[in-house]
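Dear colleague,

Please find the structure below. My notes on one helix and on the aromatic side chains follow it.

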Amino acid sequence: MDNSLVKTFLEGTRQNMFKAVDASSLVVFRIGFGLIMLWEVWRYWHYGWISKYYIEPDFQFKYFGFEWIEPWPGDLMYAHYALVAMLALFITIGLFYRLSTHLFFIAFSYIFLLEQAHYLNHLYLVILVSFILCMVPANRYFAVDARLKPDKRSDTVPAWSIWLLRAQFEVVYIYAGIVKINSDWLQLEPLSMWLASRSDMPVIGDYFLQDWSVGVAAYGIIILHIIGAPLLLWRRTRIYVFLIYACFHTLNHFVFSIGIFPWLTLFATLIFFDPDWPKQAWRKLRALFGRKTVPRRSTAGTRSAEANNWLPGPVAQNFIIGAIGLWFAYQVLMPLRHLLYPGNVSWTEEGHAYSWQMKLRAKRGEAEFIVRDPLTDRTWRVDPESYLTSRQARKMSTRPDMILQFAHYLADRWKSAYNVESVEVNVISKVSLNGRKAQSMVDPSVDLARIDRSLKRADWILPLTEPFQRSPERYRAFYRAQNQYR
């Protein structure tokens with residue numbers, strides 16, 4: 001390829017990334033994100049989850065590499081959540097924005113890493129978005145910081161700050177569709193079972209029992225994410241796709257218990273509209289009620305002529321472009337790492353997290369731990385719920401890595417309690433995936449106390465051999481009962 005063409009392309013990319021665009025849509029995103037995070041903290045406080053999840057349990061499941069992170073002692077977890085709420089408020093109003101976003105990213109990541117049993121895709125998404133907010137200048141307009149420092153005020157931002165958020169949500173949406181192109185989902189499970197458990201909903205509940213309507217939903221979700229998400233980038237189709245997403249996320253909220261995720265993603269979809277859409281909407285709203293809009297002189301042109309107070313030099317521009325490239329290399333490659341492991345990722349869980357594998361598996365299982373002293377041949381049969389919360393035990397019974405962690409915990413506990421030098425821990429586990437008959441997930445002959453946690457393939461996880469079979473009625477009562485759990 002001609003070097004001049006490459007240079008022309010790179011220069012055009014640079015100019016497009018650093019051109020001045022209206023800041024109002026970024027400001028609305030900042031405010032919406034902050035308010036949603038305030039709501040999330042309120043939910044944890046209101047429902048008693050802070051104590052239930054982080055203070056009362058004697059044992060916490062840890063993410064690989066972060067085993068050293070522990071909850072604050074006593075009631076200091078409440079103080080931590082209060083800090084998160086304060087930082088979310090500061091982000092909302094744009095006060096001490098740089099410090100607030102960095103501290104929020106650290107404080108929320110800390111909460112996320114405390115307990116693997118509470119992994120949710122939207123909590124991981126909050127971490128990614130909060131990291132992006134650390135980078136973008138969302139406090140230059142309609143913010144307390146802009147009031148306190150008028151010389152830093154600007155009603156324009158570099159275009160890359162808008163496109164960074166757009167690209168992040170495009171990755172989430174598109175992967176959410178791609179991962180559903182698998183045999184179970186295409187045969188309408190686990191969606192059929194989940195919808196069957198909500199067939200008591202008024203008006204629409206009867207449709208949840210019809211294969212044709214479940215099929216429309218299952219295949220429609222794939223189309224919406226894989227085709228609809230890119231169409232958000234095209235002005236002519238944007239509003240129609242947005243309205244479909246609005247219906248989709250609203251229905252998700254009422255049908256499934258998935259917390260803030262529908263509202264966070266729906267609100268984020270607004271970032272795909274023109275950067276000045278809030279101002280356009282405000283003008284139309286005033287005109288609708290017969291109020292004259294007093295035209296204000298935009299500073300976009302003057303700021304651009306003055307080489308914008310936020311415009312970095314060439315070296316800094318190259319650094320920003322390189323950093324964005326690395327960020328999205330990670331975003332694209334990280335969800336694909338499960339391809340490095342054999343077997344069904346919904347069964348083995350290897351590479352499942354951070355991959356946008358959303359709503360793909362309905363698993364129920366039981367795990368009994370057998371602790372043995374090889375010197376005396378004395379054995380103990382351990383019920384996990386004697387040491388774990390019901391939520392922890394339920395999650396652990398179907399997650400091999402968490403089973404391994406709990407086996408290590410029991411080995412350490414028995415060594416200290418019974419003063420034995422060596423302890424063996426075996427597991428008898430039965431797990432059902434997406435309506436299949438339950439089968440063993442962990443090799444019962446393997447002493448898990450001697451297996452180290454690793455990112456390598458776990459050969460002690462037995463392959464999935466039970467054939468797929470649809471039977472939503474079988475688990476309808478089970479999944480209805482699960483709605484009482486957070």
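Contact here means heavy atoms within 4.5 Å, and helices (H or I, at least four residues) are DSSP runs numbered from the N terminus. This is a predicted model, in which local features need pLDDT of at least 70 and side-chain atom pairs count only at pLDDT 80 or more, while totals for chains, interfaces and linings use all residues. Residues are numbered from 1 along each chain as its sequence is written, and side-chain values use heavy atoms, with hydrogens and water left out.

Helix α13 (residues 261-269) has 7 of its 9 residues buried (under 20% relative accessible area; exposed is over 50%, partly exposed in between; 1.4 Å probe, protein chains only). Its buried residues, among them F261 and L264, pack against α2 (24-46), α6 (121-135), α8 (159-178) and α12 (235-255).

The whole structure holds 38 aromatic pairs. Rings of Phe, Tyr and Trp (its six-membered ring) pair if their centres lie within 6.5 Å; planes under 30 degrees apart count as stacked, over 60 as edge-to-face and the rest as tilted. The planes of Y54 and Y81 stand at 35°, with ring centres 6.3 Å apart, so this pair is tilted. Y54 belongs to helix α3 (residues 49-55) and Y81 to helix α4 (residues 76-93), 27 residues apart; both are buried. W72 and Y110 form another tilted pair, at 5.9 Å centre to centre and 50° between the planes.

F59, F61, F369, W380, Y387, F406, Y409 and W414 make up one aromatic cluster.

Yours sincerely

Methods. Helix = DSSP H or I, 4+ residues; strand = E, 2+ residues; numbered from the N terminus.
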